[in-house]
Amino acid sequence: MGISNCHNVEDFRKLAKKRLPDGIFWYMEGGSDDEVTLRSNTTAFDDYALVPDALVDVSNIDLSTRVLGVDMALPFYLSPSGGTRLFHHHKEAAVARAAAKAGIIYGQSTMSTSSIEEVGAASSGPKMFQIYSLKDKELTRDFVARAKAANFDALCLTVDSSISGNRERDLRTGLNFPPKIRLSTIAGFASKPRWLWNFMLNPEFTLSNIQSDALGDGMNVFELAHHLMDVSVTWDDAKIIRDLWDGPFAIKGIQSVADAKRAVDIGATAIIVSTHGGRQLDGASAMVHRIAPIRQAVGNKIEIIADSGIRRGSHVLKALALGADACSFARPYIYGLAAGGEAGVTRVVDLISAEIERDMGLLGVTKTTDITGRHVVRADGLPISQDAHP
Ligand SMILES: Cc1cc2nc3c(=O)[nH]c(=O)nc-3n(C[C@H](O)[C@H](O)[C@H](O)COP(=O)(O)O)c2cc1C
């Protein structure tokens with residue numbers, strides 16, 4: 001089976017599972033603790049239903065939108081994900097090129113396996129660099145300067161990851177960074193010879209933005225995060241980083257109304273409402289439930305990007321109707337990358353954009369900004385609650 005036989009994100013998930021060693025697949029796919037939030041991020045979209053308008057001329061449907069100072073051709077972009085080299089040897093550059101071709105933002109992670117400069121050179125399309133507040137403040141400042149020099153359009157500060165979520169699957173599979181062929185991993189790696197061949201023959205796995213002497217060797221994800229992240233980070237640090245970057249700035253990992261208001265106060269351009277794809281605090285509310293209360297509280301003072309659990313065009317429509325300006329996702333494009341490199345990412349982006357276009361026609365809207373609260377109700381038919389939320 002090849003990527004042309006994949007007709008939705010789930011088909012790509014199955015193909016990625018076939019192509020990747022178990023430890024690598026589950027590092028990407030898994031969530032924290034009991035994976036309650038991981039599952040509900042997607043299933044909770046079913047708690048909402050779309051309400052179409054009839055007899056609208058939908059002969060011209062425009063999928064474009066504008067967020068983070070970027071005119072995007074589609075109402076979604078590709079979220080930052082670390083360690084891309086694990087999934088395909090063409091790494092971040094392949095994903096950035098696919099995003100540029102689609103006219104959407106590519107989010108590059110601090111933990112990427114290509115450097116800021118490599119991605120900057122590989123793609124002239126819109127790019128956002130994702131940063132953490134690290135223990136090493138000089139390194140944090142250096143990242144901001146490098147992202148500016150490499151012409152990134154936006155900066156995003158991830159605020160939900162100073163402590164790594166408890167990903168028990170990684171403990172079981174023994175996946176460490178950099179991934180090494182050891183007794184515990186050899187069976188899994190050898191069972192996927194195509195992946196192993198490319199892994200061995202292509203440039204080594206490195207977290208290219210970080211000097212190797214700043215990293216300990218053979219750490220698991222939790223140890224790596226503990227080694228680098230500043231757990232004492234507060235809103236004052238977020239403001240310092242915001243002020244270092246004079247362009248569009250997003251805070252990623254917001255879930256509460258109070259925090260959304262704080263993001264407005266420090267002058268953020270956007271909040272990314274996200275549970276980190278269910279990889280951090282398990283038991284956190286499904287992302288989609290947080291959109292309407294936050295929009296209601298912040299009005300139009302800040303852009304809202306909905307991230308976590310999106311697998312269908314109809315999920316994007318529901319998020320927009322609940323108040324998001326755009327959406328983002330990671331696993332869907334990683335499935336595409338693992339299944340077919342850059343062409344796989346492009347096919348995933350194309351499939352989701354075709355779903356959005358078809359669904360917008362069925363919903364009776366021609367512009368993404370015309371999708372509003374009147375197009376969505378609770379699945380039981382009742383209106384979305386206007387109650388006060390935390
Ligand atoms: C393998 C993997 C690595 C990730 N690495 C990062 C990262 O380095 N920085 C970050 O802010 N988010 C990271 N994320 C979270 C994504 O940016 C995004 O918030 C999340 O995956 C969205 O959920 P989805 O995968 O269901 O779309 C990662 C996600 C995955 C699956």
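The legends below use a predicted model.

**Figure 1. Residues around the ligand.** The ligand is surrounded by 23 residues. Pro80, Ser109, Thr158, Asp307 and Arg311 are the closest of them. Sorted by class, this shell holds 11 polar, 7 nonpolar and 5 charged residues. Two helices, H2 (22-29) and H15 (331-363), each contribute at least two residues to the shell.

**Figure 2. Backbone contacts of the ligand.** Pro80, listed among the closest residues, has a polar backbone atom 2.6 Å from an oxygen atom of the ligand. At Gly82, a backbone N or O atom is 2.9 Å from a nitrogen atom of the ligand. At Ala330, a backbone N or O atom is 3.0 Å from an oxygen atom of the ligand. The ligand taken alone exposes 600 Å², and the protein buries 98% of that area.

Figure 3. Does the ligand sit in a cavity or in a pocket, and which one? The ligand sits in the largest cavity. Helix H2 and helix H15 each provide at least two residues of the shell around the ligand there.

**Figure 4. The largest pocket.** The volume of the largest pocket is about 500 Å³. Its lining consists of 22 residues, and those closest to the pocket centre are Val159, Asp160, Ser161, Ser162 and Gly253. Strand S7 (154-158), helix H11 (235-244) and strand S8 (249-254) each give at least two residues to this lining. By class, the lining has 10 nonpolar, 9 polar and 3 charged residues.

**Figure 5. The second largest pocket.** Four helices each supply at least two lining residues: H1 (9-19), H2, H3 (36-43) and H15. Of these, H2 and H15 also each supply at least two residues of the shell around the ligand. Which classes of residue make up the lining of the second largest pocket? There are 9 charged, 4 nonpolar and 3 polar residues.

Key:
Residues are numbered from 1 along each chain as its sequence is written. This is a predicted model: local features need pLDDT of at least 70, side-chain atom pairs count only at pLDDT 80 or more; totals for chains, interfaces and linings use all residues. Side-chain values use heavy atoms; hydrogens and water are left out. A residue is near a molecule or strand if one of its heavy atoms lies within 4 Å of it. A polar contact is a pair of N or O atoms within 3.5 Å; within protein, one must be able to donate a hydrogen and the other to accept it, and residues adjacent in sequence count only if both atoms are side-chain atoms. Accessible areas come from the Shrake-Rupley method with a 1.4 Å probe; for residues, only the protein chains shown count as cover. On a 1 Å grid over the protein atoms alone, a cavity is a set of points where a 1.4 Å probe fits but cannot get out, and a pocket is an open set with protein on both sides within 12 Å along at least five of seven lines; lining residues have an atom within 4 Å of a point. A molecule sits in a cavity or pocket if more than half of its atoms lie within 2 Å of its grid points. Ala, Val, Leu, Ile, Met, Phe, Trp, Tyr, Cys and Pro count as nonpolar, Asp, Glu, Lys and Arg as charged, and the others, Gly among them, as polar. Grid points are joined across faces, edges and corners, and a volume is the space filled by probe spheres set on the points.
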